[in-house]
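Me: I'd like to learn how to read a structure like this one, feature by feature. Can you walk me through it?

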Amino acid sequence: REYCAFEPADEQLFVMLARVLASELERESNERDLRRFNDMLRDQARGMGAVGRVAKALAAGEDARTAVCEAACEVAGAPVACLLEPSGRDFTSTAMAGAEIAPVTIQPRGDQTGHGRAFTAKETYFVADARSHPALAAPLVEATDARSAVFEPVLRDGVVAGVLIVIWRVPLEALPDAPGGVLRLLASQAAVAIEHAVLRERLAGLSF
């Protein structure tokens, strides 16, 4: 409370402490950046590994739809993923990973509601609260204990040929950035897997 109470030596000490504090803050910031960079590299490596396994299944002529679901769980850090394909007016699950339940059938209602847009949109559709959203069938929510989900459209020639659904058992406020791009890549692989499955069914029909 005294005027000019600090001596020049005190002021030099404050300057030195401020420099030490600035250096420490910079070090912590660099460490955070390094951790983020390492996490990003791990996510990319995990994603490319999952994509590579799906590509291997496709190249081997296998039904890669389940492999797509398994890869989606891996890259998104989610316990459940399923692939639904159009069947008349409905969408029916043709592959699933992380849950053993009977095939799920969902009938979209309207293109403008959240229910319909989840299956007709040509871009990613995220659901923060899966328990109250009409796009997720109640049996699916109950069987998987779903809390949040993302619908990734599977496009063939610009037309929705299926929907890859990834389910989390913990609530999320938004879709994590890291797996977003890889899920789109997996959706493109799912389109190829669906096409291969259709060709196999046609060949099986011709063999009789």
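This is a predicted model: local features need pLDDT of at least 70, side-chain atom pairs count only at pLDDT 80 or more; totals for chains, interfaces and linings use all residues.

Me: Is Phe14 buried, partly exposed or exposed?

Reply: Look at the relative accessible area: under 20% is buried, over 50% is exposed, and in between is partly exposed. Phe14 comes out at 42%, so it's partly exposed.

Me: On to rings. What describes a pair of aromatic rings?

Reply: Two things: the distance of the centres and the angle of the planes. For a pair, the centres have to lie within 6.5 Å. By this rule you get four aromatic pairs here. Take Phe91 and Phe119: the centres are 5.0 Å apart and the planes make an angle of 45°, which is a tilted pair.

Me: Which parts does the pair of Phe91 and Phe119 tie together?

Reply: Phe91 belongs to strand 2 (residues 90-97) and Phe119 to helix 3 (residues 114-120), so the pair ties together parts that are 28 residues apart in sequence. Both Phe91 and Phe119 are buried.

Me: And how are the rings of Tyr125 and Phe151 arranged, by centres and planes?

Reply: Over 60 degrees between planes counts as edge-to-face. Tyr125 and Phe151 have planes at 80° and centres 6.2 Å apart, so they're an edge-to-face pair. This one also links distant parts of the chain: Tyr125 is in strand 4 (residues 125-127) and Phe151 in strand 5 (residues 148-156), 26 residues apart.

Me: What is the bridge partner of Tyr125 in strand 5?

Reply: Here you read the strand pairing, and the partner is Phe151. So the two are an aromatic pair that is edge-to-face as well as bridge partners. Strand 4 and strand 5 themselves run antiparallel, with three bridges between them.

Me: What else does strand 5 pair with, and over how many bridges?

Reply: Strand 5 pairs with strand 6 over nine bridges, again in the antiparallel sense. Arg156, for instance, stands opposite Val159 in strand 6. These two strands form a hairpin with two residues between them, and Asp157 in the turn has a positive phi of about 55°. As for cover, seven of the nine residues in strand 5 are buried.

Me: How many residues of strand 1 are buried?

Reply: Six of eight, so strand 1 (residues 80-87) is mostly covered. Follow its pairings next. Five bridges join strand 1 to strand 6 (residues 159-168), antiparallel, with Ala81 opposite Val166. Strand 1 also pairs with strand 2 over seven bridges, antiparallel too, and there Leu84 stands opposite Ser93.

Me: Which residue takes a positive phi in the hairpin of strand 1 and strand 2?

Reply: That's Gly88, with a phi near 70°; the hairpin has two residues between the strands.

Conventions. Residues are numbered from 1 along each chain as its sequence is written. Side-chain values use heavy atoms; hydrogens and water are left out. Rings of Phe, Tyr and Trp (its six-membered ring) pair if their centres lie within 6.5 Å; planes under 30 degrees apart count as stacked, over 60 as edge-to-face and the rest as tilted. Helices (H or I, at least four residues) and strands (E, at least two) are DSSP runs, numbered from the N terminus. Buried means under 20% relative accessible area, exposed over 50%, partly exposed in between (1.4 Å probe, protein chains only). Two strands pair if DSSP finds at least two bridges between them.
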